[in-house]
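Please look over the sequence and the structure shown here before reading on. The paragraphs that follow begin with one pair of elements and then widen to other parts of the chain.

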Amino acid sequence: MSGTTPRFVAYDRHDTHLGDITGILGAKHTWSVDGTDTLELTLIGAPAYEKGHRVAYIDSMRRVREYEITSPQTRHANGIPLTSLICQSTIRELSKGFITEQRNRGMNAAQALAKALTGTRWTIGDVDATDAKDTSFYHVSPLDAINTICDTYGLEAVASYTLDPSGRFVTGRKVSLLAAQGRSNGVPRRFDYHADLTGITRTVDASNVVTRLYGYGKGVETTDDKGEATGGYSRKISFADVNQGREYVEDTTATEQWGVPGPDGTMQPACGIYENGQQDDKSKLLAETRARLDRLKTPVVTYEANVLALAQAGMDAHGVDLGDRVEITDTAITPALRLSGRVLKIEENLLDPADTTLTLGNIIETATRSWQSAQQRLDALANSAGAWNDSASLASRYLDDIIDGLNTQLNSTGGYTYLKPGKGIFVYDRPEDQNPTMCIQIGGGYFRIADSKQSNGEWAFRTLGTGRGLVADTLIAGTIKGGSNTWNLTTGDLTFRQGTIRGGSNTWNLTSGDLTFRQGSIRDTTGASSWNLTNGTFSTRGMSATDMNAVNMTATNLTATGVNASGTFSCGSTSAYGITLNSTGQLTGYRHGKQVGYIDYSAQAHNVDNPSEVYHGLQLQAQGIVRISSPRLSTASTSNTSVTTTQGFTGKVRQPIISAIRDIGNGRVSWSYGTLELQFINGLMTSYSTVAAS
């Protein structure tokens, strides 16, 4: 933070250069660790800048910043036109994309970010190293997915940009994920507050200080007499076994300062509860509870001042950046309060850096992490479902617990409430005249929530709750339970133990396990296999089976043991080369669409000497020829397959014969000899030779 008046360049959404912005009367940049990043320009005149145009400049830290004009307004003051440009960081364009569904199993933050940015013009910047975890994106924008990654891995998202060499428009956009933006290494800045300082607004909230914190984890799943999980939960685990029998951690020094006076005047601990319904490791639960106590044992304190007032408090604001670590000493509190804080917000006058306001404090959490803490309350509430079922009603202590927890988080992050007669109560994330991005409306018997607006400027309410139920685009939950059935949204496991799932004419009896399909189709994504449940046709390419019963099945590469089928089995193509096997047992062959032969078991014959003897057996029919290719053929005069057979002869047989007889007179004859030669293969005569006279 320092420097000269920056150069502002404007261009449209297609990167067409619109020139430098001139006639600037005011330029204010506001950004905070909760993701707020806005630019407000006041211009003399009425330049033709439109909603959606881009503005870029290089800030005092030599970083390129890019904004989208979201609200251009022109008004007249004493006859002089003045234009106000309200701009927001262009990272908001990631809220306009849509991710149908992505499941990221065992990925680090960089890998998850790469999937979230798929299909956008944004790329990955610096990502701090993280462990592999599971995340999933379902029906959300890429910006929502980035917030999910930040919540899951405990990171903060920071946008960065690259200008083209001429400085006329942005050519590159990156998203970095950092453990904490700002400088946390080296010697931190010091800020010493005392009662004599002026020009500094200090806000101290000690109402929610906790000095003794009880920690509880995942509920113990209840089982029935057979040891089967019932879907309910009883008591929650604690870390007493690894913490000398105590279910809490306490800072006694903090108790002396911020505790609650007891009946005898001594200070009693200010108690609170930390719950993580997903944590089943007692040592990790103890570490989490201690870390939470470190944040809760001191009041929430913020200090807002301009750079001149900060200089009076001994803090040099030159070069300060958002998120920088600050060691705070507050001697106005007895004993002195020493905090490790950060620069939470900067409101910088870009034309007069001396007129810049900083907000310092020990609110370390970003808005998304604060909501994550509230989510832990919801998880804890869900894990008590078994206890609710047992008592048939919701104990008031559960409601008090979650309401207190949510109020604590909401009060720490701020909110702006408006009572509008005839419409109800509206709560925004920022003042109504400062373009809020989130809204909750509470009306007569209903509430509704929105995090975006329609094209006409009205809120796009997508979540609605009434006494009849809840309607929402996205439901964030750990486990959904109903009776003995559960859906773990973290792991994706869907467990049904009883009841029936119905869809049209199809049913799945979860008690008996029977799955019944009466109509419709089952098919794979590649189209290799399909099963038409309406007509019973099953078609597949590549299948192995044991003991298969089928009707009207078409398959390629079928391996099976014990197939019982009715109908017609086809292989190949009857219009080219193929075979069919029908339900009568007839195996028919085809060539070029014509039947060329078949084998069946319809042969019948009787003994001519005794017609009452009827024989049944194999019939082989061919339109042209029957070919047998085998080294040996053998036969026997019985159907008993255990007797020894006689193989057919293969070779030549020669026999001398009289080939001619002649009358030579006087009652005498003469004759000539020749040789008859027969060729046999496996007992079948295949040729014979001409008889030659000898």
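The axes of helix H1, residues 109-116, and helix H2, residues 142-153, come within 9 Å and cross at roughly 170°. Because an angle over 145 degrees counts as roughly antiparallel, H1 and H2 are therefore roughly antiparallel to each other. The contact is made by Ala109, Ala112, Leu113 and Ala116 on the side of H1, and by Pro142, Ala145, Ile146, Ile149 and Tyr153 on the side of H2. Sorted by class, this contact has nine nonpolar residues, with no polar and no charged ones. All of this describes a predicted model.

At 1.5 Å a residue, its twelve residues should span 16 Å, and the end C-alpha atoms of H2 are 16 Å apart, which agrees. Within H2, the buried residues are Pro142, Ala145, Ile146, Ile149, Cys150 and Tyr153. When H2 is seen down its axis, these buried residues fall within an arc of 145°, so they line one face of the helix.

What, then, covers the buried residues of H2? The cover includes helix H1 together with strand S8 (99-107), strand S10 (133-140), strand S11 (156-163) and strand S12 (170-178). Just after H2, Gly154 takes a positive phi of about 70°.

Asp15, in the loop between strand S1 (9-11) and strand S2 (17-20), has a phi near 70°, and at 25% relative accessibility Asp15 counts as partly exposed. Arg62 lies in the loop between strand S5 (54-58) and strand S6 (64-77), where its phi is near 65°; with a relative accessible area of 66%, Arg62 is exposed.

Thr30, by contrast, has its place in strand S3, residues 24-32, and is buried, with a relative accessible area of 9%. Leaving aside residues up to four places away in sequence, Thr30 touches Thr36, Asp37 and Thr38, and also Lys345, Ile346 and Glu347.

Finally, consider the chain as a whole. Its secondary structure comes to eight helices and 51 strands, and buried residues make up 33% of its 694 residues. Among contacts between residues at least 6 apart in sequence, 47% join residues at least 24 apart.

Definitions and conventions. Residues are numbered from 1 along each chain as its sequence is written. This is a predicted model: local features need pLDDT of at least 70, side-chain atom pairs count only at pLDDT 80 or more; totals for chains, interfaces and linings use all residues. Side-chain values use heavy atoms; hydrogens and water are left out. Axes are lines fitted to C-alpha atoms, for helices over the stretch in contact, and angles run from 0 to 180 degrees between N-to-C directions. Helices (H or I, at least four residues) and strands (E, at least two) are DSSP runs, numbered from the N terminus. Angles under 35 degrees count as roughly parallel, over 145 as roughly antiparallel, 65 to 115 as roughly perpendicular and the rest as oblique. Contact means heavy atoms within 4.5 Å. Ala, Val, Leu, Ile, Met, Phe, Trp, Tyr, Cys and Pro count as nonpolar, Asp, Glu, Lys and Arg as charged, and the others, Gly among them, as polar. The expected span of a helix is 1.5 Å times one less than its number of residues. Buried means under 20% relative accessible area, exposed over 50%, partly exposed in between (1.4 Å probe, protein chains only). The arc is that of the directions from the helix axis to the C-beta atoms.
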